[in-house]
Structures are given as C-alpha cells and as structure tokens.
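Trainee: Please show me how to read the features of a model like this one.

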2 protein chains.
Amino acid sequence: MSEPGALHLVPNTLDFGTAGVPAPLDELLPLGVIRTASRLGHWVCENAKTTRAFLKRVDAVYPLARPLQEIAIVELPRPNKGRDAAPGPGAVDALLGPARAGHDLGLLSEAGLPALADPGAALVVAAHAAGIAVVVHPGASSIALALAASGLNGQSFAFVGYIPVPADERAARIRALEAASRRDAQTQILIETPYRNVALLEALLAHLQPATSLSVSVGLTLPGGFTRSGTIAQWRQRRTGLPGDVPAVFALLAAR
Amino acid sequence: MSEPGALHLVPNTLDFGTAGVPAPLDELLPLGVIRTASRLGHWVCENAKTTRAFLKRVDAVYPLARPLQEIAIVELPRPNKGRDAAPGPGAVDALLGPARAGHDLGLLSEAGLPALADPGAALVVAAHAAGIAVVVHPGASSIALALAASGLNGQSFAFVGYIPVPADERAARIRALEAASRRDAQTQILIETPYRNVALLEALLAHLQPATSLSVSVGLTLPGGFTRSGTIAQWRQRRTGLPGDVPAVFALLAAR
C-alpha cells in the first residue's frame with residue numbers, strides 16, 4: 001500500500017461568470033496556490049467545464065504538470081441548491097479513490113473556498129474519516145470579505161445562507177434574525193440568487209427596525225463592485241440600486 | 001475640495017510571528033493585492049512595526065511608490081482584547097483625515113482580513129458614515145479556511161470568538177453552543193489564545209456529547225499546519241497534541 005495522497009482545498013477566484021476577458025490568475029490568487037493547482041492530476045469539482053477553464057488560467061502562469069486532457073476531473077453529486085442535503089456517503093467516498101491510490105486530489109468550487117456555502121463538505125468529511133490529510137490553501141471567501149467591508153461586528157457573526165422566498169415566511173425569518181442579532185450582538189449574514197437581490201433588499205428595508213444596520217456587498221473584487229453600509233433609516237432615505245446578475249452578500253446587525 | 005480617497009482593506013498573510021525566514025509575499029497573496037499595497041502612502045494598522053515589516057515584503061515584489069520612511073503609518077486605538085469595545089468615534093474618525101484629503105488609505109491587520117475577528121471595524125463604519133468608499137481585497141481569513149477544512153456545515157455557521165475561561169462558565173458556554181448547534185444545525189466556531197489551546201480542547205472533550213463533531217485547525221497555511229475533524233468519541237479514543245504557540249480555530253457541530 002502506498003501512502004494516501006492529500007485532499008487539497010483550492011480556492012477559486014470570485015469572478016465566475018462575469019463578462020469580459022478574465023484577469024491573469026496571479027492577480028487574484030497567490031502563486032503558491034497556483035503552483036499547487038498546476039501539479040494536481042486529479043480533481044473533484046462542481047462543474048468540469050469551468051474547472052477546465054480554471055486550469056487553463058493556471059497553465060498560463062505555471063504550466064500544468066500534464067496535458068489538460070490527461071487530468072481526471074470528476075463532478076460532485078448534485079445537492080439540492082442552497083441546502084445541505086448530502087449525497088449518499090458511498091458516492092462521495094468513491095471520489096477519494098485517487099487519494100487512496102496515493103495521488104493528491106484537488107477540490108475546487110465555482111467561486112471562493114470549496115465547502116463553504118458550497119458543495120464539497122461531504123467529501124471533506126469522508127477524507128477525514130478515511131485518514132486522508134485535508135490541506136486548505138489561502139483564498140478569499142465572499143462572506144468573509146463582505147463582513148470585513150461591512151464594518152459590522154466581526155467578533156460575533158453568523159452565516160445563515162438563503163432565507164425563505166414566500167412573503168410571510170420571509171418577513172418572519174427577517175424579524176427572527178434581527179431578534180437573534182440583538183440578543184447576541186451578532187451580525188447575521190445572508191445570500192440570495194442574484195435575480196432576487198432587489199426583492200431581498202426591499203424585504204429587509206420593509207421589515208427591519210430603522211436603527212438596525214444593513215450592509216450589502218455586490219460583486220466583491222470585481223470591477224464596479226461596492227459595499228454600502230448604514231442604518232435602515234439611511235437606506236430608506238437614499239435607495240441604492242442593485243444589479244440582478246452579480247452575487248451579493250447581505251449583513252445586518254440590530255442596534256442594542 | 002478634492003474627491004475623497006478610498007479605504008482599502010488589505011489582507012495580511014497568516015504567518016505572523018512564526019519562526020524562520022518569511023516566504024516571498026507573492027507566494028501567499030495575489031499580485032493585485034501587493035500592487036495596491038505598494039502604492040498606498042497612508043496606513044492604519046494594529047502595530048506600526050509589523051506593518052513596516054509587511055511593507056518590506058511588499059517592496060521585494062513591487063517597489064513601494066515612496067520610501068518607507070515617508071509612508072504615514074498610524075496605529076488604531078487599542079480595544080479590549082477579544083472584545084468589541086469600540087474606541088471613541090472621534091479618535092477613529094480622525095484616522096480618516098488622509099482619505100478626506102484625497103489620499104487612498106490602507107487598513108492592515110496582523111493576520112488575515114482586517115476588521116474580521118480583529119480591530120478596525122470602527123474605522124470601516126466611520127468610513128461608510130463619511131461617504132468614503134470601502135474596498136476589500138481578496139485574502140484569506142483563518143476562520144473561513146478552518147471551516148472549509150473541517151467538513152462541518154458550511155451552509156450555516158456562527159463565529160463566537162473567545163469563550164469564558166473560568167471552568168464553570170466555560171462548561172456552561174460549551175453546552176449552550178452545542179445546544180444552539182443542534183437547534184439550528186449550525187457549526188459553531190471559536191478561538192483561543194494559543195497558550196490555552198490544550199486547555200480549550202480538554203474542556204470541549206469533557207463537556208460535548210460523544211456524537212458531536214469537533215474540528216481543530218492549527219497553523220493553517222503554515223508548514224506543519226493541520227486540521228483534525230471527527231466525533232468527540234473519536235477524539236477521546238485518540239488524543240491529538242496541540243502546540244501552545246500557534247493559532248488554532250475550533251469548530252463544533254452537534255449531531256441531530
């Protein structure tokens with residue numbers, strides 16, 4: 001038996017799906033990460049096509065250790081969108097085959113860190129259970145960047161993902177998040193699919209208290225990206241348009 | 001009146017205070033971040049000495065736009081350690097002077113992203129209030145990396161910072177975090193000053209339920225860094241030593 005390989009969590013850029021020519025990868029990721037990516041011959045990912053596009057950007061900085069068509073790229077079983085319903089453990093465990101055979105294995109998400117508000121956590125759990133080392137490489141998470149840019153409490157915060165869409169449930173959830181934020185002085189962070197950005201902002205402005213702080217970060221690290229942060233009263237006084245095709249991160253902190 | 005400058009949140013590496021020769025900065029940070037840092041003539045930071053050391057690492061990749069001794073470096077007022085007690089708004093607002101005068105201003109922390117589990121949030125709030133653009137640059141947060149490497153729920157998580165040190169309060173807080181984790185299927189993330197890493201691990205092993213998952217990440221992105229993740233029962237069966245001089249991030253998720 002050879003020593004098992006490691007599972008490398010490789011951060012992606014945050015410019016997924018944006019228009020125009022992508023920036024050179026070393027503008028957005030550290031060279032150490034790009035070099036690691038260039039030598040991996042086995043990948044697990046959300047989408048094989050975008051992974052190949054990522055590897056072409058890698059190749060332009062550090063030539064890939066083998067031709068792209070010889071690199072094994074396997075997609076994760078699809079979970080329910082935005083929910084953490086895990087695929088069967090057997091299906092995931094099988095993805096660790098290359099690591100068991102002694103090869104280092106990369107895990108890549110479509111944007112940011114794998115397994116954080118993203119599929120892949122089940123593979124990480126399976127690796128730990130199998131005694132395969134999990135190595136995470138430095139990269140950006142849009143949630144962490146949005147929190148830093150918000151100025152809201154970074155000593156205590158919660159990420160809650162998506163909230164319900166139906167109006168009554170949504171209003172109740174927003175008020176519950178505000179109450180939890182007040183009780184624990186805890187920033188609450190949420191996300192939405194881009195085409196519903198404006199609807200979520202309107203719901204937050206309708207249901208939060210005037211003294212509650214709200215921050216919205218749009219297109220972080222992208223040209224034209226911005227963060228606006230202020231009280232609900234300030235937001236109501238001066239509306240801000242949000243694009244419907246760029247990811248946004250919302251954060252709120254109740255006044256005490 | 002000139003246009004105000006922007007407040008740039010500049011990520012630092014995670015190798016603060018570690019022994020040996022530091023790696024070239026472009027191994028650990030994207031070139032885009034290093035180039036931005038190289039052109040800033042005004043900085044706010046936690047510690048002027050380590051900021052100068054950072055700028056020397058920047059200079060070795062992209063020459064600084066002006067000599068180091070001509071770069072203005074101002075330290076943030078000291079908050080209470082690990083608590084979010086804010087310094088007076090006047091003292092913080094004064095730090096924005098260079099931005100008001102039209103100069104871009106950098107904010108740097110000792111490790112990782114500024115204003116996230118770190119001082120600086122008050123400065124970000126003051127910038128938003130003054131209409132100064134806040135620009136966050138892509139970089140790693142040890143909390144986000146630890147969560148990704150844990151395999152625990154990355155769709156719902158909370159960072160709670162430090163927990164009380166006295167044994168009774170600590171036990172109660174650990175049980176409350178486990179209950180919250182079970183109720184909301186939410187990963188709970190905490191940190192400790194390094195010399196208390198072992199004591200916190202022992203307290204978690206003593207007070208959490210056997211089926212609860214615990215992950216500990218030590219020295220992420222550093223040589224010798226590792227993540228161990230498993231149930232409390234597994235941890236109790238096979239103890240893992242933790243160093244007392246390297247930052248660790250702890251994450252737990254209750255079984256449901």
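Mentor: Let's begin with a strand pair. Strand β1 (residues 7-10) of chain B and strand β4 (residues 105-108) of chain B run parallel and are joined by four bridges. Two strands count as paired if DSSP finds at least two bridges between them. Helices (H or I, at least four residues) and strands (E, at least two) are DSSP runs, numbered from the N terminus. This is a predicted model, in which local features need pLDDT of at least 70 and side-chain atom pairs count only at pLDDT 80 or more, while totals for chains, interfaces and linings use all residues. Residues are numbered from 1 along each chain as its sequence is written, and chains are lettered from A and ligands numbered from 1 in the order in which they are written.

Trainee: In β4(B), which residue is the bridge partner of Val10(B)?

Mentor: Val10(B) has Leu108(B) as its bridge partner in β4(B). β1(B) is also joined by three bridges to strand β5 (residues 134-136) of chain B, and these two run parallel. There, His8(B) stands opposite Val135(B).

Trainee: Which way do the residues of strand β1 of chain B point?

Mentor: In a regular strand the side chains alternate between the two faces of the sheet. In β1(B), Leu7(B) and Leu9(B) point one way, His8(B) and Val10(B) the other way, and all are buried. Buried means that 20 or more other C-beta atoms lie within 10 Å of the residue's own; exposed means 12 or fewer, and partly exposed is in between, with C-beta atoms placed from the backbone.

Trainee: How many residues of strand β8 of chain B are buried?

Mentor: Six of the six residues of β8(B) (residues 213-218) are buried, so this strand is largely enclosed by the rest of the structure. Ser213(B), Ser215(B) and Ser217(B) point one way, and Leu214(B), Val216(B) and Val218(B) point the other way. β8(B) pairs over six bridges with strand β9 (residues 226-231) of chain B, in the antiparallel sense. It also pairs with β10(B), again antiparallel and over six bridges. Val216(B) lets you locate both pairings: its bridge partner in β9(B) is Arg228(B), and in β10(B) it stands opposite Phe250(B).

Trainee: Now a helix, please. Which residues of α8(B) are buried?

Mentor: They are Ile174(B), Leu177(B), Glu178(B) and Ser181(B). Down the axis of α8(B) these buried residues fall within an arc of 100°, so they line one face of the helix. The arc is that of the directions from the helix axis to the C-beta atoms. On the other side, Asp168(B), Glu169(B), Ala179(B) and Arg183(B) are exposed. The cover over the buried residues of α8(B) includes β6 (157-161), β7 (187-191), α9 (197-207) and β10 (248-253) of chain B.

Trainee: What span does helix α8 of chain B reach from its first C-alpha to its last?

Mentor: α8(B) (residues 167-184) has 18 residues and reaches 26 Å, close to the 26 Å expected at 1.5 Å a residue. The expected span is 1.5 Å times one less than the number of residues. After α8(B) comes Ala185(B), whose phi is positive, near 50°.

Trainee: Which residues of α2(A) are buried?

Mentor: Thr51(A), Phe54(A), Leu55(A) and Val58(A) are buried in α2(A). Their arc around the axis is only 100°, which puts them on the same side of α2(A). The face turned away from that buried side carries the exposed residues Lys49(A) and Ala53(A). What covers the buried residues includes α1, β2 (42-45), β3 (72-75) and β4 (105-108) of chain A.

Trainee: How many residues of chain A are in contact with chain B?

Mentor: The size of an interface is often given as the accessible area lost when the parts come together. Here we count contacts: 47 residues of chain A are in contact with 47 residues of chain B, contact meaning C-beta atoms, placed from the backbone, within 7 Å. Elements giving two or more residues to chain A's side include α1 (31-39), α5 (121-129) and α6 (142-150) of chain A. By class, that side has 28 nonpolar, 15 polar and four charged residues. Nonpolar covers Ala, Val, Leu, Ile, Met, Phe, Trp, Tyr, Cys and Pro, charged covers Asp, Glu, Lys and Arg, and the others, Gly among them, are polar.

Trainee: What rotation superposes chain A on chain B?

Mentor: A rotation of 180° with 0.0 Å of shift along its axis does so, with RMSD 0.0 Å. That is the relation of a two-fold axis. The same surface serves both copies, as 100% of the contact residues of chain A recur in chain B. The superposition is by least squares on the C-alpha atoms of residues with pLDDT of at least 70 in both copies.

How values were computed
Two residues are in contact if their C-beta atoms, placed from the backbone, lie within 7 Å.
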